[in-house]
Amino acid sequence: MEYRDNVNLDQSRVRYGGGGRRGGRIAVGGGIGGVLVLLLALFFGGDLGDLIGGTTSTTDSSQSDVAGADCTGEVNIDENRDCRWGAYEVALTSYWESAFSSGFEPISALQLFSGTTATACGTGTSEMGPFYCPGDTTIYIDKDYMGQLLTQLGTTRSDAAELYIVGHEYGHHISNLTGQMSRANASSNQTGEKSASVRLELQADCYAGVFFANTIKDPDSPIESVTQDDLNRIVDAARAVGDDHIQEQSGGFVNADKWTHGSSQMRQYWVAKGFQSGDPGTCDTFSTDDLGE
């Protein structure tokens, strides 16, 4: 994935170190965060529904500080690698702002942390992986742990894979803005290959694909180009976070009744559908029975 040279990045929504408010429920709406919850259920047993529900957190978090990058002025991202997080946020916010005729609000922050962090959805931890909290409209990422996680899931770390994950989380923000997230979360059908939970995750994958298709057409985007190798990495990342792949990796058997995110095939299908169409209107996963399984 190639960046434009000497870009000016608005860093106002990229935060380092701290967290948000405490209390509420942990949002299991993330591409990786929900997978980690599923892994915990598979490894240690217990009721997945209880894990998804979460509990209110009132304890203080003991987080390690994450040093902020100096990304002021004209930035060469290939030389100042930490500035890529600002490039991700700027590119995503710019596209989605253009896609809305009205009513668009960007995420409050892309919060980089280490260890644990307080959020409006409860205490977030590195082991949860990246997640979006609708309570404070913030995407939370332990940037170092995410690389380890991608490796553990059987794929390689790359900027394209990272941006797919951040794009997926931003997709949850779009579903939150449109009201689809609240309607999906209100459904009693939260597991299974055609559950509301799976449909919500596939919609976020589709939105990520739509973003990639459009950002490379924007001359002001910090993302200049996406190569075929990048697309391969994106598709491989989608495969790695499929429920069936996670179940197989855990040493268990594939049980579609327990799916909360969709199979590898389904996730790859919706990322590709979004990229090929470049149209958010094609991402209505709630009005079709063809989920690509």
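At 0% relative accessibility, does aspartate 205 count as buried or exposed? Aspartate 205 counts as buried, where buried means under 20% relative accessible area, exposed over 50% and partly exposed in between (1.4 Å probe, protein chains only). The views below come from a predicted model, in which local features need pLDDT of at least 70 and side-chain atom pairs count only at pLDDT 80 or more, while totals for chains, interfaces and linings use all residues. Residues are numbered from 1 along each chain as its sequence is written, and side-chain values use heavy atoms, with hydrogens and water left out.

**View 1. The whole protein, with its 10 helices and 10 strands.** Helices (H or I, at least four residues) and strands (E, at least two) are DSSP runs, numbered from the N terminus. Of the 293 residues in the protein, 54% are buried. The protein exposes about 11900 Å², and carbon and sulfur atoms supply 45% of that area; accessible areas come from the Shrake-Rupley method with a 1.4 Å probe, and for residues only the protein chains shown count as cover. Take the contacts between residues at least 6 apart in sequence: 77% of them join residues at least 24 apart. Contact here means heavy atoms within 4.5 Å.

**View 2. The largest nonpolar core, with 58 residues.** A nonpolar core is a set of buried Ala, Val, Leu, Ile, Met, Phe, Trp, Tyr and Cys residues joined through side-chain atoms within 4.5 Å. Trp96 and Tyr164 have the most contacts inside this core, and helix H7 (residues 196-215) gives the most to it, with 10 residues. Look around tryptophan 96 and, leaving aside its neighbours within four places in sequence, you will find it in contact with Phe104, Tyr170, Ile174, Tyr207, Phe211 and Pro280. A second, separate core has seven residues, including Phe113, Ala120, Phe131 and Cys133. In soluble globular proteins, nonpolar side chains tend to be buried together.

**View 3. Helix H5 (residues 159-178), end to end.** At 1.5 Å a residue, the 20 residues of H5 should span 28 Å, and the end C-alpha atoms are 28 Å apart, which agrees. The expected span is 1.5 Å times one less than the number of residues in the helix. H5 is mostly covered, with 17 of its 20 residues buried. Glycine 179 follows H5 and has a positive phi, near 90°.

**View 4. A buried salt-bridge pair, arginine 267 and aspartate 205.** A salt bridge is a side-chain nitrogen of Lys or Arg within 4 Å of a carboxyl oxygen of Asp or Glu, and a search of the whole structure finds 11 of them. In this pair the N to O distance is 2.7 Å. Arginine 267 sits in helix H10 and aspartate 205 in helix H7, 62 residues apart, so the pair links distant parts of the chain. Arginine 267 counts as buried at 0% relative accessibility.

**View 5. Arginine 199 and aspartate 289, another salt bridge.** Here the N to O distance is 3.5 Å. Arginine 199 lies in helix H7 and aspartate 289 in the segment after helix H10 (264-277), so the pair ties together parts that are 90 residues apart in sequence. Arginine 199 is buried, with a relative accessible area of 9%, whereas aspartate 289 is exposed at 56%. While you are in helix H7, look for serine 197, which is buried with a relative accessible area of 10%. Leaving aside neighbours within four places in sequence, serine 197 is in contact with Asn189, Gln190 and Thr260.

**View 6. Glutamate 224 and arginine 4, joined by a salt bridge.** The closest N and O atoms of this pair are 3.9 Å apart. Glutamate 224 lies in strand E10 (residues 223-225) and arginine 4 in the loop between strand E1 (2-3) and strand E2 (7-8), so the pair ties together parts that are 220 residues apart in sequence. Glutamate 224 counts as partly exposed, at 36% relative accessibility. Asparagine 6 is found in the loop between E1 and E2, and its phi is positive, near 50°.
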